[in-house]
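Colleague: Hi, can you walk me through this model? I'd like to start with a pair of strands.

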Amino acid sequence: MKKLVSFVLIATLIIVSSCASQKQNFLGVQEAPKKTAPRPTNPSVGPTQNAAAKVVTAKKEDDKTPKVLKSYVEDQNYIKAIEDFKDALKDNPDAPDLNYYTAESYRKLGNPKASLPYYAKALEAGFENEELQINYALALKADEQYDNAKAILADYVDFASVEIYKERAQQEIQNLEKLDSIGLYVRNVDLTPLDAINSEQAEYSPFFFNNTLFFASTRESETFDRYDMPFSDLYQVAISELIPDAATLGPIPGAFNQPEINEGSIAFSPDGNTVIFAKGNANEKKGRRSVDLFISTKKNGKWSTPVAMPINSPQHWDTSPTFNQAGNTIYFASDRPGGFGGSDIYRATLNDRGRWGGVTNMGDAINTAGDEAFPYVAPDNKLYFASDGHAGFGMLDLFSAENKGGNVTIRNMGPSFNSAADDFGLIYTDFPFEGFYTSNRSGGKGGDDLYSFIDNSSDLKQITYLLKGTTYRRNDDSTQTILGNVRVKLLDENDQVIDDVLSSRGGSYNFPIDPEKDYTLIGEADDFFTARRIFSTVGQGIPQEELIERFTEKTFTEDLTLDPIILDATIVLENIYYDLDKFEIRSDAAIELDKLVSILQDNPAIVQVELSSHTDSRGFDDANMLLSENRAKAAVDYIVSKGIARSRMVAKGYGETRLINGCDNDTECDDTLHQQNRRTEFKVLEYDKTKIDRN
């Protein structure tokens, strides 16, 4: 990081979407925070630490420690401290304490790379401090010297005398060992700096609301002495398709910004009538440890004077406010006592009296001995946040946390989002494709810059499958006309109804469907035979990697044609064949008879049908009559075996008495014409619509 940016002074703004429950944190409340030694806070997200204890130790180790250390402790003016230390180092370049505190000053200014040679000299000179190797290793990590960082930590673990620091070092070693695996999580992300608004100063903490991007920037004319940079104010700019309109850029109007005070991390409630933001770090000494959350409400189009929230912890940093979608829970970051490390993520709720309270630590599944801040809950109900305590590439990295059955899984968002520098404050504007976040990676205009991102990864591209069709009626001349108001049902492979609709007056209907599934379509209408069609999407889907657009729709078409029920009208069952002079049901005939089984099952209003069998004219008349009767009875027996009541069927054999062409005993015909006469038919004898149940 270059010069300390103003989110050092105030934590970032973040907007949070809805949680699963308004009463319970969607991640659950973990076990009570355990006592851990607070890790030196990264100045990017928390306060600088009071170095008094270290100074006393240094005094005992070296009576020649310069008096300037007193100013360093009292004023926390690290810019001035570095100048004084460097002057002192000219006369004593190997002084262990001067090198150590020079390194610490650079670290507290958010410039760990500059601290490296000073940490190295302090370590070489034998400076004794339990945090030296840890801070040195983290600085090496920020410089992507991962192997060297691991070696420093491994050496430290062998002789560490304080258990909590030893545990921290062991955890950092484990984090470094995970780099190869998290480096494999590569996304197809387009990252674009917002050059229209980025400057040599810091721009950070994006928040998107009503097509406007809100952010904080160190553009005040007055300078915050101890960091030698301007104070931070809140700004806004109109956004269209992730592109800011620079002509609309300006400070947020109203009473939010004050001179010589740092403001940042603004978040609007979902209804836009409440704003919470962080404010603090007055230039005088008594204000340097105070960063609080302030709240303002809109009434009659005007914002009220911001007031401090009751959830603030005096003399500690309370930052990164964000609402849930219901507007009755906020998440924020704080370094208050009782946490797990530097900055932890907390939540607070709005009670029945309209007061904020019930502050709860999010637990050690989220919070570590390092810093966690910048929470954001996306529409997928995952918590997105920044951390330098979980396994990452350097300083702050972006992470997601997912709760499944009470088990919280943390995932680094990978090298497509993260760098060895600070990456934080992610928000989505079009989930899961687009959004903004902050980074101080190389190549930017200033310390912290705003970036837009577009995730073009194929696994985010969505495809929907739709089944459309039209319902028709079959006419006497075999033509079709539109039949509207047909009850159309979609059944799964187990014949369970998934959905049902009425086709429109124009006969159209549609269903959302899934890939790689088998379905059955059923069409029902009074005075019509139920139509049934088998439909499948198996092998018809589009592979995820072949999707081009963000949203794709593939449509399948299946029409349904219904036949009217006409009493005594003859319907031929096609392809009902028997072996010569036999009446046993062949397998190919069974397939066709199963269709009649379905008709009777689907149409309970059909009280009785006649199932008739016919022969051709060849052979003796009496033998043909007996053969046809036996075939009709065999067909009825088969249908009964499938669960159809025998009372619903009448078997009738007609022999050769009802030939449908001229192939009688006196006419010579080929077998094709004789086959037309060898047929099985059915006709409806009785129909009772009162038996219809459309539920």
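Colleague: Which residue stands opposite Phe323 in E15?
Modeller: That's Ile330. The model is predicted, so local features need pLDDT of at least 70 and side-chain atom pairs pLDDT 80 or more, while totals for chains, interfaces and linings use all residues. Residues are numbered from 1 along each chain as its sequence is written, and side-chain values use heavy atoms, leaving out hydrogens and water.

Colleague: And what does the "E" stand for?
Modeller: E marks a strand: strands (E, at least two residues) and helices (H or I, at least four) are DSSP runs, numbered from the N terminus.

Colleague: OK, how many bridges join E14 and E15?
Modeller: Four, and the pairing is antiparallel. Two strands pair if DSSP finds at least two bridges between them.

Colleague: What's in the hairpin between them?
Modeller: The hairpin of E14 and E15 has five residues between the strands, and Gly327 there takes a positive phi near 80 degrees.

Colleague: Back to Ile330, what is its bridge partner in E16?
Modeller: Ala348. E15 (residues 329–334) and E16 (residues 344–350) pair in the antiparallel sense as well, over six bridges. Ala333 stands opposite Ile345 in E16.

Colleague: What's the strand order in that sheet?
Modeller: E14-E15-E16-E17, an open sheet of four strands with antiparallel pairing. The edge strands, pairing on one side only, are E14 (318–323) and E17 (356–361). Neighbouring strands are turned by 25 degrees against each other on average, direction ignored.

Colleague: What holds strands of a sheet to each other, in general?
Modeller: Strands pair through backbone hydrogen bonds, either parallel or antiparallel.

Colleague: Is E15 buried or exposed, then?
Modeller: Six of its six residues are buried, so E15 is largely enclosed by the rest of the structure. Buried means under 20% relative accessible area, exposed over 50% and partly exposed in between (1.4 Å probe, protein chains only). Thr329, Tyr331 and Ala333 point one way from E15, Ile330, Phe332 and Ser334 point the other way, and all are buried.

Colleague: Let's switch to helices. How many residues of H6 are buried?
Modeller: 11 of its 11, so you'll find H6 (residues 132–142) mostly covered. Among them are Leu132, Tyr136, Lys141 and Ala142.

Colleague: What covers them?
Modeller: The cover includes helix H4 (96–108), helix H5 (112–124), helix H7 (146–159) and helix H8 (163–177). H6 is followed by Glu144, whose phi is positive, near 65 degrees.

Colleague: How do H6 and H8 sit against each other?
Modeller: Their axes come within 11 Å and cross at roughly 20 degrees. That makes H6 roughly parallel to H8. The contact is made by Ile134, Leu138 and Lys141 of H6 and Tyr165, Arg168, Ala169, Glu172 and Leu176 of H8. Contact means heavy atoms within 4.5 Å.

Colleague: And H7 with H8?
Modeller: Those axes come within 9 Å and cross at roughly 150 degrees. That makes H7 roughly antiparallel to H8. Residues of H7 that meet H8 include Tyr146, Leu153 and Val157, and on the H8 side they include Gln170 and Ile173.

Colleague: What do those angle words cover?
Modeller: Under 35 degrees counts as roughly parallel, over 145 as roughly antiparallel, 65 to 115 as roughly perpendicular and the rest as oblique. Axes are lines fitted to C-alpha atoms, for helices over the stretch in contact, with angles from 0 to 180 degrees between N-to-C directions.

Colleague: What covers the buried residues of H11?
Modeller: The cover includes helix H10 (587–602), strand E35 (606–614) and strand E36 (649–655). Buried residues in H11 include Asn624, Leu627, Arg631 and Tyr638. Just after H11, Gly643 takes a positive phi of about 100 degrees.

Colleague: Where's Arg586?
Modeller: In the loop between strand E34 (571–573) and H10. At 27% relative accessibility, Arg586 counts as partly exposed. Not counting residues up to four places away in sequence, Arg586 touches Tyr577, Tyr578 and Asp579. Arg586 and Ile576 are 10 residues apart in sequence and 8.5 Å apart in space, C-alpha to C-alpha.

Colleague: Last one: how many helices and strands are in the chain?
Modeller: 12 helices and 37 strands. Of the 695 residues in the chain, 53% are buried. Among contacts between residues at least 6 apart in sequence, 60% join residues at least 24 apart.
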